[in-house]
Amino acid sequence: MLRGKNILIGITGGIAAYKICELIRMFKRENANVRVVCTKNALNFVTELTLQNLSQNDVGVEEFDVKNYKPQHISYADEADIMVIAPATANTISKIASGICDNLLTSIACAFRKPILVAPAMNCNMWENPVIKENLEKLSTICCKILEPENGFLACGYEGKGRLCSLDKIFKETSAILLNHQKNKKKYIITAGGTIEDIDPVRYISNYSSGKMGIALADEAYFQGNDAVLITTVDVKRPYKIVKVKSAQDMKLAVEKEFDTADFVIMAAAVADYRVKNKAEQKLKKTNDDELTLTLVKNPDILKELCNNKTHQIIAGFCAESENLLENAAKKIKEKGCDYLIANDISRQDIGFSSEYNEVTILKRNGNRKTLERAPKSEIARLILKEINE
Ligand code: CTP
């Protein structure tokens with residue numbers, strides 16, 4: 001399955017390093033070319049000879065090799081189609097996030113311009129440390145996809161989140177990225193976040209959308225080897241194209257600019273239905289009246305207009321409801337004319353708006369429905385893309 005694919009495995013100094021011997025075998029069984037690079041600390045847990053035998057390749061540890069005229073970190077980076085850092089310790093995550101290149105593994109990561117999968121493993125208190133969280137967030141701004149650790153009994157004796165995710169998951173994610181890269185690239189336009197409708201230069205009307213679902217969809221589209229364009233009201237840095245917008249009108253223009261060449265459009269943004277009529281040029285002053293009336297005018301319905309003007313694009317909308325979810329969604333897919341409508345219940349605290357999780361029902365134009373059970377937004381994103389590609 002993976003013949004001709006070059007996988008670079010980066011092993012850092014955590015007890016889960018021993019598990020990676022089996023991961024190498026899993027890739028070798030599928031005929032991938034595997035090369036291992038590890039930190040000196042990783043060799044406290046697993047020997048160079050073991051890794052060399054399993055991968056059937058030299059193992060990179062030292063950065064400066066007198067036998068090799070080519071800088072090793074660049075040649076390793078050039079050769080590989082994907083880099084898998086597992087286990088990734090808090091130390092290595094933080095170094096890569098800060099651009100530190102003090103060993104072969106971190107230097108390669110800094111030079112790597114293809115997808116990197118990062119599978120952290122550490123003590124649960126280290127995992128919860130906000131500095132580590134911030135560094136992981138920074139890694140998402142380059143080509144890194146984080147495979148979150150699992151809950152369970154940790155080698156240090158603690159019970160909590162920090163165990164390396166399953167080898168099966170690492171294997172599947174790596175293979176999915178490598179195999180999808182073989183297929184034709186598709187262009188995805190994805191919108192995210194709540195639009196911001198100005199009242200005056202200092203005040204605005206908006207909503208609680210965090211943009212997380214839209215960002216997860218764009219990340220997934222990108223990691224599957226597609227061209228992703230994220231049109232967003234929230235600040236986010238990613239290795240693919242980001243267009244920052246504010247109001248519904250800005251968003252409409254930005255989407256239209258990309259529309260003709262798009263294969264898929266997913267409107268995950270919470271677009272304001274109305275904007276303030278005659279936005280004040282100067283800050284509004286308080287008056288002696290107890291009431292202030294703002295007049296609102298209707299915004300364009302971006303999704304509906306796209307559906308009316310589509311040629312070949314597959315278009316999906318989102319449907320945020322606080323009551324009668326499926327009834328309203330069934331009405332909405334007809335009104336908008338989109339191919340798919342992804343309905344989510346915003347009245348629940350454990351999913352939706354600011355949560356890392358979601359649970360959605362995908363409605364199709366022919367009336368079919370599919371519910372995706374509660375899962376991290378990255379997993380929901382993967383399943384949504386799978387569904388709309390069928
Ligand atoms: N949408 C849009 N333009 C708007 C309003 C919504 O493109 N002016 C899109 C959203 O991005 C979403 C879908 O339409 O994909 C449904 O949004 P939602 O807020 O659930 O529905 P509305 O059409 O706004 O209807 P209502 O607020 O009455 O539920």
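In the predicted model, the side chain of Ser175 reaches the backbone oxygen of Phe171 at 2.7 Å. A polar contact is defined as a pair of N or O atoms within 3.5 Å; within protein, one atom must be able to donate a hydrogen and the other to accept it, and residues adjacent in sequence count only if both atoms are side-chain atoms. Ser175 is found in helix 8, helices (H or I, at least four residues) and strands (E, at least two) being DSSP runs numbered from the N terminus. With a relative accessible area of 4%, Ser175 is buried; the term buried denotes under 20% relative accessible area, exposed over 50%, and partly exposed the range in between (1.4 Å probe, protein chains only). When neighbours within four places in sequence are left aside, Ser175 is in contact (heavy atoms within 4.5 Å) with Met1 and Leu2.

Leu178 also lies in helix 8. This residue counts as buried because its relative accessibility is 4%. Residues up to four places away in sequence not being counted, Leu178 touches Leu2, Lys5, Ile7, Asp81 and Ile82.

The protein is assigned domain 1 (6–180) and domain 2 (187–388), with bounds that come from an automatic or database domain assignment. The contact between them takes 11 residues from domain 1 and seven residues from domain 2. The centres of the two domains, taken over C-alpha atoms, are separated by 35 Å.

Between domain 1 and domain 2 an area of about 840 Å² is buried, and carbon and sulfur atoms give 55% of this area. Buried area here is the accessible area (1.4 Å probe) that two parts lose on being put together, summed over both. Within domain 1, the residues losing the most area to domain 2 are Thr141, Lys145 and Asn180, which together account for 46% of what that side buries.

One salt bridge is found across the interface of domain 1 and domain 2, the criterion being a side-chain nitrogen of Lys or Arg within 4 Å of a carboxyl oxygen of Asp or Glu. A salt bridge joins the side chains of Glu220 and Lys145 (2.9 Å, N to O). On the side of domain 1 that touches domain 2, strand 6 (144–146) and helix 8 (167–180) are the elements that give two or more residues.

Residues are numbered from 1 along each chain as its sequence is written. Local features need pLDDT of at least 70, side-chain atom pairs count only at pLDDT 80 or more, and totals for chains, interfaces and linings use all residues, while side-chain values use heavy atoms, with hydrogens and water left out.
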